[in-house]
Amino acid sequence: MDEILKVTNGIKKFAGLVAVDDLSFTMKKRTIHSLIGPNGAGKTTTINLMTGVFPLTSGDVFFDGEKISGFPTYKISRKGMSRTFQNIKVFPSMTLLENVMVGGHETASMGIVRSLLDIRGANKEEKILKEKAEYILDYIGMYKLKDERMDNLPYGRQKMSELARALMTDPKLILLDEPAAGLNPSERSELVKIILKIFNDGRDFFLIEHNMDVIMKISNYITVLNFGRKIAEGTPLEIQNNDEVIKAYLGERFKKTEGAD
Ligand SMILES: Nc1ncnc2c1ncn2[C@@H]1O[C@H](COP(=O)(O)OP(=O)(O)O)[C@@H](O)[C@H]1O
Ligand SMILES: [Mg+2]
């Protein structure tokens, strides 16, 4: 089984609007697979379908060989899929460390009622989450900022904290929805480095992004959506030279030949 993710004939309709239109694609294990296309093409909806945010109108999603369509988000998260959001979702008055720890509560073993009844057990679990969050912040080079209030951190750091939070569940696959949006060039190159580091440590990535430097640099494979439909798929070089993709999305300026820069 060399597939990590597969969508078969996925359709999502919102009150008559077909946001995702008979989409089928396969993502191989040990790849960074990107989904690109114009605004409104159905990219975020595709992630929402894969993570169980809403049900498919029809079609199926498979993760690591198992059919997961119909599963609730927490169950999909426990299977090893973790995501970040296009619009930043942080708790501004909490510290960076606390924000990252929130990512672990999703899969922590104790429920709220049990943790109220068993304070000592809850404290122990909290300590484990804290150590894990500190480890992850160190891993992505943000440990020194751990006690800063989130709203004191620059936007780029806040965005990076969401990647840290996504790591708290030990995912096999991380889905990032426009991680480079709003980042400056040096933050972007740091993001690329950190994604590659996490990838090289064994986790796969599914990436939605408009920044073509980022996409073409790190993707192994690209799927292109337009009006909810797949219009192309292939390697970065194939996609950059695909006439339909150039017409619908990229424009001529991205056309490249091998070796050129
Ligand atoms: N929850 C929703 N309810 C109704 N329409 C939605 C919803 N989410 C997305 N859409 C619509 O679906 C289409 C695809 O949106 P989206 O997946 O966000 O595109 P992208 O991420 O590619 O920009 C858009 O027309 C959008 O307005
Ligand atoms: Mg989107």
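# A guided look at the chain

Visitor: Which residues are buried in α6?
Guide: The model is a predicted one. To count as buried, a residue must have under 20% relative accessible area. In α6, those are G156, R157, Q158, K159, M160, S161, E162, L163, A164, R165, A166 and L167.

Visitor: Why is α6 described as largely enclosed by the rest of the structure, and how many of its residues are buried?
Guide: Helix α6 covers residues 155–167. The helix is largely enclosed by the rest of the structure because the buried part of α6 comes to 12 of the 13 residues.
The number asked for is therefore 12 of 13.

Visitor: Against which elements do the buried residues of α6 pack?
Guide: Both strands and helices take part in this packing. The helices are α3 (96–105), α5 (119–139) and α7 (185–200). The strands are β6 (81–83), β7 (173–177) and β8 (204–208).

Visitor: How many Å does α6 reach from its first C-alpha to its last?
Guide: Helix α6 has 13 residues, and at 1.5 Å a residue the expected reach is 18 Å. The reach in the model is close to that, at 19 Å.

Visitor: Which residues of α5 are buried?
Guide: Helix α5 has 21 residues and reaches 30 Å, close to the 30 Å expected at 1.5 Å a residue. Its buried residues are A122, E125, L129, A133, E134, I136, L137 and Y139.

Visitor: Which residue with a positive phi follows α5?
Guide: The phi in question is near 75°. The residue that carries this value is G141.

Visitor: What is phi of D22, a residue other than glycine?
Guide: Most residues other than glycine have a negative phi. D22 belongs to strand β2 (residues 17–28) and is partly exposed, at 39% relative accessibility. Its phi is positive, near 55°.

Visitor: Where does D64 lie?
Guide: D64 is another residue other than glycine with a positive phi, near 50°. Its relative accessible area is 27%, so D64 is partly exposed. Its place is the loop between β4 (58–63) and β5 (66–67).

Visitor: Is R78 buried or exposed?
Guide: R78 is part of helix α2 (residues 73–79). Its C-alpha is separated by 20 Å from that of L56, which stands 22 residues away along the chain. The relative accessible area of R78 is 53%, and the cut-off for this class is over 50%. R78 is therefore exposed.

Visitor: With which residues is F91 in contact, leaving aside its neighbours within four places in sequence?
Guide: F91 sits in the loop between β6 and α3 and is partly exposed, with a relative accessible area of 40%. Its C-alpha is 8.2 Å from that of D151, although the two are 60 residues apart in sequence. Beyond those neighbours, the residues in contact with F91 are N99, V102 and M150.

Visitor: Why is the chain said to be as compact as a globular protein of that length, and what is its radius of gyration?
Guide: The chain holds 10 helices and 10 strands. For 261 residues the globule rule gives 18 Å, and the chain comes close to this, so it is as compact as a globular protein of that length. The radius of gyration is 19 Å.

Visitor: What percentage of the residues in the chain is buried?
Guide: The accessible surface comes to about 13,100 Å², with 51% belonging to carbon and sulfur atoms. Out of the 261 residues in the chain, the buried ones make up 48%.

Conventions
Residues numbered from 1 in each chain as written. Chains lettered and ligands numbered in written order. Predicted model: local features only at pLDDT ≥ 70, side-chain atom pairs only at ≥ 80, totals over all residues. Heavy atoms only, no water. Helix = DSSP H or I, 4+ residues; strand = E, 2+ residues; numbered from the N terminus. Rg over C-alpha atoms; globule rule 2.2 N^0.38 Å. Buried < 20%, exposed > 50% of the residue type's maximum accessible area, 1.4 Å probe, protein only. Areas by Shrake-Rupley, 256 points an atom, 1.4 Å probe, with all protein chains shown as cover. Expected span 1.5 Å × (residues − 1). Contact = heavy atoms within 4.5 Å.
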